[in-house]
Amino acid sequence: MKYIALLLSGIIFGVGLILSGMTNPLKVQNFLDLFGIWDPSLAFVMGGAIFVALPGFWLVRKQKKPIFNESFDLPKSKDLDFRLIFGAGVFGIGWGIGGLCPGPALTSITFFDIGIYIFVVSMLFGMLITKKIVN
Amino acid sequence: METEFTPITSLLGGALIGLSAVMLMATYGKIAGISGIIYRILPPVLRKESIPVGILFIFGLLLAVPFWNLFFGDIERQAVSDNYFILGVSGLLVGFGSSYGNGCTSGHGVCGLSRGSIRSLIATFSFMFTGFLTVYILRNILGL
C-alpha cells in the first residue's frame, strides 16, 4: 500500500504533465515567449495545480503526521539569499533554451528519444555539480 | 511555430499535478518537487529513506507515457531543438540551477506557492523572469 501510493502519485503527476501540455517543449517555450507568439496555457497548469494543492496542503497539515511517515518533511530555510535567486535564475535560462524542466524531462524518458537522454544526463550532471559545491 | 491555447486540458492537467502533490504530502509528508526528489537520490545520499520514495515516484513518472499511450493514444510533442549541444547545455543549466536554487517549477512554482512560501515566490519570479528573457533573446535577438 505504501509503495502503491508513491507509484500512483508519480503516475498521476506524469499524466498531469502530459494532459497539460508540459511534455511538449515547444508549448513551454511559447509560454515563455511573452512578447511573441505567447501561449498562456501554462499559467493555467500552475493555476490548476495551486487550486488543488493550496486547500489540499492546508487540510493535510491539520493532521498530526503523514499516513506512512513519522513527520512532515518541509523546507526550514527562510533566507532570501543569493543561492536561491541565482539558482532559480540559472534554471530559468535552461528552461527557456530547451523548454524542459525536471518533471517533464523525466516523464519524457519513456518517449525513447536521444535528445531527451542527452538532456536528462546533462541535468543529472548539473545536479552533481551542485552536490560537489554544496558539500 | 504557434501552439494551440489549451486552457481546459492545461487546467485539468494542472489539477492532477496538484492532486499528486497533495497525495505525496498526505502519505509521506514530502514536497513533490521533482528536482529535489532526483537530487536526494544522487550520490552521496544523505538520508537512506529518500531512495525508495524517490525511485518509486520517478518510476511512476516513467509509466505515465506508456499509460497514456495505452488508453488515450498519441501525445503531441514538438522539440524546440534537435541540436544535442544545445540540449546538453540546457539540461546542465536546468540541473545545476534547480538544485542550487532548491527547486524547480514543481517544488517552488506549485508546492512552494501552495504552502505560502516567500522563498518559493521569489524563486518563481526569478526563473520566470530569466525564462522570459532567454526566449526573448533566442527568438528576437539571435533569431533562432
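In this predicted model, chain A is built from six helices and has zero strands, so that, when read along the sequence, its elements follow the pattern α-α-α-α-α-α. The C-alpha atoms of chain A fill a box of roughly 45 × 35 × 30 Å when taken along the principal axes. Of the 135 residues in chain A, buried residues make up 52%.

The contact between the two chains takes 102 residues from chain A and 101 residues from chain B. On the side of chain B that touches chain A, at least two residues each are supplied by helix 1 (7-28), helix 2 (34-41), helix 3 (50-72), helix 4, helix 5 (105-114) and helix 6 (118-141) of chain B. The largest share of that side, 21 residues, comes from helix 1 of chain B. By residue class, the side of chain B that touches chain A divides into 61 nonpolar, 32 polar and eight charged residues.

Within the pairing of the chains, helix 4 of chain A (residues 82-98) packs with helix 4 of chain B (residues 84-100) at an angle of about 155°, and their axes are 7 Å apart. Because angles over 145 degrees count as roughly antiparallel, helix 4 of chain A is roughly antiparallel to helix 4 of chain B. The crossing of these two helices is left-handed. From helix 4 of chain A, the residues that take part include A:Arg83, A:Phe91, A:Trp95 and A:Gly98, while those that they meet in helix 4 of chain B include B:Ile86, B:Leu93, B:Phe96 and B:Tyr100. The residues of this helix-to-helix contact divide into 13 nonpolar, seven polar and one charged.

When its neighbours within four places in sequence are left aside, B:Ser120 is in contact with B:Gly103, B:His108, B:Gly112 and B:Leu113. The C-alpha atoms of B:Ser120 and B:Gly107 are separated by 7.9 Å, the two residues being 13 residues apart along the chain.

Technical notes: Residues numbered from 1 in each chain as written. Chains lettered and ligands numbered in written order. Predicted model: local features only at pLDDT ≥ 70, side-chain atom pairs only at ≥ 80, totals over all residues. Axes fitted to C-alpha atoms, helices over the stretch in contact; angles between N-to-C directions. Helix = DSSP H or I, 4+ residues; strand = E, 2+ residues; numbered from the N terminus. Parallel < 35°, antiparallel > 145°, perpendicular 65-115°, else oblique. Left-handed = near helix turned anticlockwise from the far one by under 90°. Contact = placed C-beta atoms within 7 Å. Nonpolar A, V, L, I, M, F, W, Y, C, P; charged D, E, K, R; others polar. Buried ≥ 20, exposed ≤ 12 C-beta atoms within 10 Å, placed from the backbone.
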